[in-house]
Each structure stands twice: as C-alpha cells, then as structure tokens.
Amino acid sequence: MASITLQDLNTKAEIRKKTAKPLLWIGIVSIVMFFSGWTSAVIVSKGGNGNWLNIELPFAFSLSTIIIVLSSLLFHYGLISIKKDNKKMLKLAVSLTLVLGLLFVVSQFYGWKELYSNGIVATGSSSTNASSFIYLITVFHVLHLLAGIISLIVVSVKSYKEKYNSTNFLGVEVSIIYWHFLGALWIYLFLFLKYIA
Amino acid sequence: MMVLLVSVTVLLVIISAAQILKIAELSAISKGVKVYEISEKDNRVQAVLMLVFLVFYFSFFAWQYLKWSHLMLPVSASEHGVGVDSLMNVTWLFIIPVFIITHILLFWFAFKYAFKANRKAVFFSHSNKLELVWTLVPSLALTVLILYGLNNWNKIMTPVNSEEDHVLIELLGQQFSWGARYAGDDKKLGRANVNYIEGANFMGIDSTDNNCKDDIVVKGEFHIPVNVPVQFVMRSNDVLHSAYMPHFRAQMNCVPGMKTQFNFVPTITSKEMKKITNNENFEYLLLCNKICGAAHYNMQMNIVVESKEDYAKWLSSQKKFGSSLPNPSEGGALVETQK
Amino acid sequence: MSTHHHHDQDFLFKYVFSQDHKMISKQFLITGFIMGFIGLIMSTLFRLQLGWPGESFWIIDKLLGSWAENGVMAPDKYLALVTMHGTIMVFFLLTAGLSGTFSNLLIPLQIGARDMASGFLNMLSFWFFFLSSVIMLISLGVEGGAASAGWTIYPPLSALPQAIPGSGLGMTLWLVAMALFIVGSLLGSLNYIVTILNLRTKGMSMTRLPLTIWAFLLTAIIGVVSFPVLLSAALLLIFDRGFGTSFYLSDIYIGGQVLEHNGGSPILFEHLFWFLGHPEVYIVLLPALGITSEIISTMTRKPIFGYRAMIGSMVAIAFLSTIVWGHHMFVTGMNPFLGAVFTFTTLLIAIPSAVKVFNYLTTLWKGNIKFSPATLFSIGLVSTFISGGLTGLILGDSALDINVHDTYFVVGHFHIVMGLSAIFGMFAGVYHWFPKLFGRMMNNKIGQLHFWITIVCAYGIFFPMHFLGLAGVPRRYYTNSEFPLFDNLLDINVLISTFAIIIAFGQLLFLYNFVFSALRGPKAPQNPWDSNSLEWTAPVEHIHGNWYGDIPEVYRWPYDYSKVDENGEYIGGKDFIPQTTPLYDNETDEAH
C-alpha cells in the first residue's frame, strides 16, 4: 500500500482552497430550491383557495430586515479589512456581526410573539394555511441562520486567535458568502410574505 | 404446490449451472488461460444468441398479441372514446415500426459485428448529417402526434354546454364505495359538504339548500341514457380516489376539498355491449383507480346504459332526497353548519 | 478535517468511517444491493399473491408472519409491500446504489483527481444513506406495518392513520428515512458537481470527459435542484400529520367524524412531489446511460458516435425533466391548458432520447464487439430504453393517458424504461468496473447466463403488463379476481408471476458470482478491457490518492478506439490510444 506524502497534504489544502466556495455555492442552490418549493406552494395554495387570509406582517420583521442588512455590511467591512491585514478591524466587525445576528433571532421571536398575540397561530383549528406558512417559512429561515451563527462563532474565535491574515482568509470568505446569502434570502422571503402571500 | 415445484427446479438448475461454469473457469485457470478474456468461440455463441433473442422477443410479442388481443377493452362505448381509440391506433402505427426496426438493427448489428481478430472496427465518430436526420424525423413525427393528441384533449376536456340537453351526475368516492347523485329536474345539485354527513346522508347534502330536494342519490349501480351528454362532477369524502370508467375511456380523480369534472356521451347500451362482447354477464363498471386503502381493489359500481325511455322510467322509480327528510324545517339543524 | 494517512489505519477508519471515495463507493454498492435484494423478495411475494390470489404459501407465511394469516397476505399489507418495493428500488437501489456507487468510484478516477472535493462530506453522505436504509427497514417491523400509501405517498391516505394502518408509525419512519436520504443525496451531489468542475487533471477539458462523468454531473445537478423540493413537500406532510396544519388536507370525513383540517389541497403535494418525482426518473436513468455509453464504446472498439450530440441530448433531457412533472397529473382536474403544455414538453423528451438510441445503434455498426457481460447488459439497456420509451409516447399524450393512467400499462412502461434500463446499467457497470472495485475479475460465463435469464424473464414480466393495462386493470389492486370483469386475465398474471419467480432465482447467479469473485476471483490486470479512460492507468490495488507519483496528464478524448492512419494501420500500433498518450505526429485531434 502506498502512502500519502507531505506533498499530498499540500494537495489537500489546495483542494480545500479550490472547492470550499463552489461547495457552498451549490449548497446554496439547494437551499434556494428548498425555499422556492415552499414559496411556490404558497402561490399554489393561495390560487386554489378563495378564503386566503392576507396577514399584516409584524413590525419586528421589518426591524429584522434592517438588522440583517446592517450585519452583512459590517461583515463585509471585516472582509475588506482582513484583505488589508487589519486583524483588529476583523475582530471588531465579526463580533458585532455576531451580536447583530443574535439580535436578528431575538427580533424574529418578537415578530412571532406579535403574530401570536394577534391571534395568528401556526397550527390547530384556528390556523389557516396562510398563517401556517408564515411561521413555517420564517422558522426555517432562522434554522438556516443558526448554521450561519455557528460559522460566525468559529470565525470570531479564529480571528481572536489571529488565524487569519491578508493571505489566508478563506474561512472568512466562506462564512461571509453564506451570511450574505441568508440576508438576501430573508429579504426575498420578507418581500414575498409581505406582497405576494 | 406447482409453484414450489417450479421454484425448486429452477433453483437446482441455477445452482448446478453456476457450479459447472465455475469449475470450467477453475480448470481453465489451471491451464493458464486468461479467463476474463472472451474467446472468439464464446463471442460467436453470444452473437448467435443475440439473433435468437431477437426472434424470441418478436415471437413473444406476436404470441401475446394473438392470444390476448381479444381480451382487451371492447370498442369504446362513448363518443370521444372513438377519437381516443383512433389516436391510440395512430400512435401504435408510429411506435410499432420504430420498435421493430430499431430492434432489428440493434440485434443484427450485435450479431454481425461480433469480434474477429482480423477485422478492424471503423473509426466513425460523428456525422452532422445523420444526427440532423434523427433529430428532425422524430420531431416531425412528434409534431403530428402532439397536434392530433391535443386536438382530442381539448374536445374531451370541454365541459358540456349547460343549455344543451344533458344529465348532471355527481360521483362521490369514499372508502370503499361509490355514490352517485342526480341533479334532478332543476338540473342543479344541492350544496354538499362533509360537515353535513349524518346517517344515511353519506354524501353530506345540505338539506337546507332547496336545490337538493329533487336530487336523487343511488348506491351500487347508476343508470345513464344513451346518446345524451353526461356531465360528471367528482368529489371525495376522505382520501384521493379516481373515477375510472374504462369502457368509456373516462377517468378523473376525486379530490377531497375540491370538485373535478369529466363528461362523455355514452353511445352503446349495456344490452348492445353484451352482444358485442358476446358475454351475457357483461356490465359497465366504475372502478377506483387511485390507491385509497386496504379494499381499494374492491371499490366499484355498476353502470347501466339504456335507452332514454328506460332511463326515465328507472329514474322516476328512485327516491328523491327531499322525500327522505323527516321534516323539512328540521333538516338543517342536524349538524351545525359552517361557513 | 483531519485525514488519516498511515498504512496501519485501524479497521474502523479504513472500512467503516472511510473518507476514501473507492471505499465509499463499495459501501454504497453493497448497501444498495442488500436493499435491492430485499426489494426483489418483496416483489416476488406480492407476485405470488397476484398470480395465485388467496392461495396460501409457505414462504409468505414464514417471511411475513403476522402480515399474512395462514400464508395469505392481508390486503393492506399487500399495499405495504408494493409501497416499500417501490421506495426501496427507486431510491435505495437505483438512486443511491447506482449513482452513489459509480459517481464515487469513477468521478475522481476518470477525471484524474486524488479524491472527492470533500472526503468528509462524502463520508457523511454515505452515513446518512445508511442510517436512512436502516430506518426504512425498521419501519417494516412497527405496529400497523410499513408505509402503505404507494411510493408516491399521496395525502390524505399517507396523512391519516385512520385511512390505512401503514400511515401510522410506519409512515412517520418512512418520512424520517426519506429526509435523511435526501440530505445524504444532496451532500453526495454537492461533492460530485464540485469535484467534476474543479478537480480535473491537466488537459482534461470538459469535452474530453468520458460520457459517464457528464451523466453523473447532470444527475447531480438535477438532484440538487429537485431533491430539496421533495424535502419541503415531505416537511409539509410531517406538519400535517403531527402538528395540526392543513397544507394538504381539507373537508375530510373519516372514521365517522369530520376532521378539523381545512383549506389545503392534496394537489399541492402532487405538484411538489412530482417536481422531484419526474426528474428522479432521470436521476436513475442518466447514470445508466452514461455507463453504457462508455461500455459500448470500449467493447465495440469504436468511438461513441456523436459524442457532442450525446452530451447535448443528456443536457436537453436533464433540462426538460424539470418541466414535465404535470404529466403525472393529467387526470387530477388540472387546467386543460396546463395539461396541453405538459403534453408538449413531455413529448419533446422523445427527441433527445431518439438521438441517443440512434447514436448507440451507429456505435454498434461496423464495430468489433466483445460480448462481456457488461456489453450484454448495455445492449439490453438499449433494448429496454427503446421498448419502454416508446410507450411513453402514449402515456405522455394527455388524451391517451386518460384511459391508461394508473393502470398496469404504466407499471409495464416505467419498469421497462426506468427500472430495467437502470438496473441493466448498474449490472453493466458492476461487471465492467468490478476489477476497479475489488481488484479481481468476475466470471464471464455466469455473467452471460445471468444476462440471458434476466432479460428474457424481465420482458416476460413487464411486456404482458401492457396488455393488462389495455384491458383496463388498475395498478395496486390486491387481486383482480374480486369481480368478473378481469376474470379471463388470470392466465396473464400467472405467466408474469412465473417469470418473476424465475428472475428472482436468476439473481442468485449474480450474487454468487459477485461474492465468490470478490473473494476468490482471478486477479485483475491493470487494464482488462483495453480501455482508454483514465481509471485504468491507476494501480489495481486501492491506494489513497489513486496514483503513485503525479496524476497523469490527458492529451485526448477517451474514445480513440481503432483509429487508423491513411494506410489503414492502427495509430500507435494498437486498437486503442489511452487518454494519457500525447498526439502522434501523423494524427489530428479532430475526432469530435
């Protein structure tokens, strides 16, 4: 049996460099398809149902939108900084992004609370498909966001350990692509729920 | 017992075949033959088997056709079904020649060009002309089929014009039986919903709706007049069912929470069909054709096609829904109404 | 991710939690085959019931136990068997078993990569699949029995335990298993796509890829696009079943009471399901087509005819497959105009399919064919692809579909075009790449016998089903002798069931050959089929990183078989020129 040499270990790192981002991109495609399954389900359900309930989205969801846009901008600033080898700025930006990410989740909870107190419930006899879909879609967005938060935690720990510099910031890039995607996904879902559903 | 016997025999044959072939391989290895290489003789045998298979396949096809074609559905008993059948036949005219020609080519080439050490295969990697031909020819054939098919489809799917003389029937599927409801003299079906189901009112007819008074509900068998368009509305009480009336080339799913529809003009009475099929016991059937539970296989209803007069006579002998209500003023209070 | 790069890695990491694509490939193959054999046994059991309805069978009694009193299976358990047979065959054998095995084995080896883009994700992909298989099998043993609503699990039947016992815990486990399966399949697909696009060796341009790789790439792309939608459909069903939502349910009266669910529609499920369901057909079929393209070219000693047209038609099929799902729903009461559109897109698929068939035929023409078992199964695939594909013209035509929809005509059609074609492709692949998988050769003679028994019996089973369908026999009927309409068709069922029993035993030949050859077969030479593609330049024994030293460079496409110069002599002296051979002076690379 042959063995892997040191050279091959370099190959491993190189493979990772070459493939980490494409892997993520295609993963994103599948997440997009997952949500488009549901958003088209909303359209089909609405089309076949004369009594579709138009639900006013809670204010907290708008707040969440602002929060997630801010966090994306901030994170991006962090990326620009590390490209210039500004490790301090990266630390600051990533930690703030993490805080904003958690704030987003909190804000979503307030949104659900508001919905619930308005009598819009997810399941049971007093629920409608419109209300079930709102909860379902927003909850699953948050579930995907949790993965983003985990990656943010990893990136911030690593940035505090000064693992990143101007030549090595793949981890930041991967994390940022996913985070931007979550932001974009939320904006799409928000507009969809607001204007179409 | 028969099955067991066949199984044991087959098993024994297979085991011994495998053993013999394996021993042959081992002895070949001991003689230093590269066993994984296919000898020219073996190759020849396989090539001949290709032709044998071709003959087998076509004869099997022909044998089935000769033996079973009289068991297929008889001539269509509905007006649009004639169109469907001729569309089917035209499609077969496209399919069968292609099937035969491509199979002859496939197995003939396999036979003819079996490996010979002294021959060279021809390096022929592409030809735009050929590829264009077999893109365009199927496209043309398909254009014909699509246009012909859609022409039929649109005709079939057009509902009966409500001003025309017609019969309106609602078919209801439930585990595991069918019910049929005639609209009655007013040509209107009364409102119905699962919330009104109570006792004998398995179709959930809302007795407060005046349109339902003259509706007629039947089970087990329903009648339709020959040569009069029949407009069906399908509903389901529980799970998906599919109202399949193969002799009329008709099928439509029954979806809970939704009404679907289908229509056809029956053209052959049950009596005439008994003669055509040469079968005294022939009955038209409405079958369930969407998996719906344990007794899915046994969910059917007889259909009787008869002359207009006989149909009218039969219909007048059926009980009207309104007459089954104990007292019209109490009818609506049986179940709490929703919406 | 840490990789283990020692010779003496312990058993656990070498055989179980391996991140090596070749080991993962074998894991997929063996798990897939075990599931496949279970699916096969199930089909034989319910064929016994259909051929000899109501008769008592010792084997049914022994195998099904409480599902079959006195050796006669209960009607709802018949449906459970049909459902599980379909699920196992479509997803576990022909999706994971076929695509998982050969994508894993061939992608790195044929494109010249050390391994997959992410060995870790690849390992996860298998373990999700394995866990899913285990749960699916466990679901056979739970109270109420396994899922029984058909492999398409249409609600409300699948949503309501009151409707059929299998929709209780059995269906819950089915959904859990499928969710895991989808995750595993997505992780696999991610890897396949990224590996193919990013890790090709020097010189391996997209137009020098073997057709297998193109097929795997397109399969993975369809998977990434359509499997998530099945997941979203399944989640909605899970919520309807367990959490009181009504996405698919409305106006239901069952078990003597009206359910609370309101406002949903089962049609929504059908749309979402078939948005995966139809592409799934091609997820199953494309890898088989890729495998046979490669084998036919190698074994006829000719270049595959119309390489670019083959790619083009696969791309067209992959694209069209995502816009034809409505043809499964012609009689659901969909808008007739929509029905017309779906008829049009569906029948369009016939064009690229025809191109593929004629290209196969032209490849055989004037070849120099060696009939290895792989060649036989490949030719068998062309035959089943034609025989089954042609009846698709009838089913895809909305007007004709009305009367054959959900009858045995459909069962015959899709078993031939999808089931047989895919399994033939899988068998062909196993016979052909067995030396790459296990370093040993399979027995040709037993393989050939296996082929002839299989193809004769397979047509013996599925061809007569068209006649049953044209006689109006609905599918998923426990028996069709309950009322007189189909009484005279019993002979056909007996014939089909007899063939089904023989074919089941016939597969023992394969099992025997497979196991015996893997353990004791003659040692494989490096390039047993004189093939051009890159995997045969790798050493027979499995090593991490696939090649000793550098990865070979590629200078030509993989189909330079029997290429001759102007004097009619083989260029390079042999009837094949491996991809690693630089162009000769007297040679032009205009082949494709």
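Mentor: Because the model is predicted, local features need pLDDT of at least 70 and side-chain atom pairs count only at pLDDT 80 or more, while totals for chains, interfaces and linings use all residues. Residues are numbered from 1 along each chain as its sequence is written, and chains are lettered from A and ligands numbered from 1 in the order in which they are written.

Trainee: How do you know that chain A and chain B do not touch?

Mentor: Two residues are in contact if their C-beta atoms, placed from the backbone, lie within 7 Å. Chain A and chain B do not touch by that rule, and their nearest C-alpha atoms are 9 Å apart. Of the two pairs of chains in contact, chains B and C share the most contacts.

Trainee: What makes up the contact between chain B and chain C?

Mentor: Chain B gives 106 residues and chain C gives 118 residues. On the chain B side, H4(B) contributes the most, with 16 residues. Helices (H or I, at least four residues) and strands (E, at least two) are DSSP runs, numbered from the N terminus. That side of chain B divides into 67 nonpolar, 30 polar and nine charged residues. Here Ala, Val, Leu, Ile, Met, Phe, Trp, Tyr, Cys and Pro count as nonpolar, Asp, Glu, Lys and Arg as charged, and the others, Gly among them, as polar.

Trainee: And what makes up the contact between chain C and chain A?

Mentor: It takes 39 residues from chain C and 34 residues from chain A. On the chain C side, the elements giving two or more residues are helix H6 (169-198), helix H7 (211-242) and helix H8 (266-300). H7(C) has the largest share of that side, nine residues. The residues there divide into 21 nonpolar, 15 polar and three charged.

Trainee: Why is H7(C) called largely enclosed?

Mentor: A residue is buried if 20 or more other C-beta atoms lie within 10 Å of its own, exposed if 12 or fewer, and partly exposed in between, with C-beta atoms placed from the backbone. In H7(C), 28 of the 32 residues are buried, so the helix is largely enclosed by the rest of the structure.

Trainee: What makes Val224(C) the site of a kink?

Mentor: The bend at a residue is the angle between axes fitted to the seven residues ending there and the seven starting there. At Val224(C) the kink is about 30 degrees, shortly before the proline Pro228(C). Val224(C) is also among the contacts of Ile193(C), leaving aside neighbours within four places in sequence; the others are Ile26(A), Leu217(C), Ala220(C) and Ile221(C).

Trainee: What makes a set of residues a nonpolar core?

Mentor: It is a set of buried Ala, Val, Leu, Ile, Met, Phe, Trp, Tyr and Cys residues joined through C-beta atoms within 7 Å. The largest such core has 352 residues, and those with the most contacts inside it are Leu157(C), Ile193(C) and Leu217(C). Helix H4 (residues 75-111) of chain C supplies the largest share, 21 residues.

Trainee: Why is Asp406(C) called buried, and what is Lys366(C) called?

Mentor: Asp406(C) has 23 other C-beta atoms within 10 Å, so it is buried. Lys366(C) has 18 C-beta neighbours inside 10 Å and therefore counts as partly exposed. Asp406(C) has a positive phi of about 60 degrees although it is not a glycine, and Lys366(C) has a positive phi of about 55 degrees, again without being a glycine. Most residues other than glycine have a negative phi, and most peptide bonds are trans.

Trainee: Which peptide bonds are cis?

Mentor: Among them is the bond from Gln175(B) to Phe176(B), with omega near -10 degrees. Phe176(B) sits in the loop between strand S1 (167-174) and strand S2 (177-182) of chain B. The bond from Pro155(C) to Pro156(C) is also cis, with omega near 0 degrees. Pro156(C) is found in the loop between helix H5 (119-138) and H6 of chain C.
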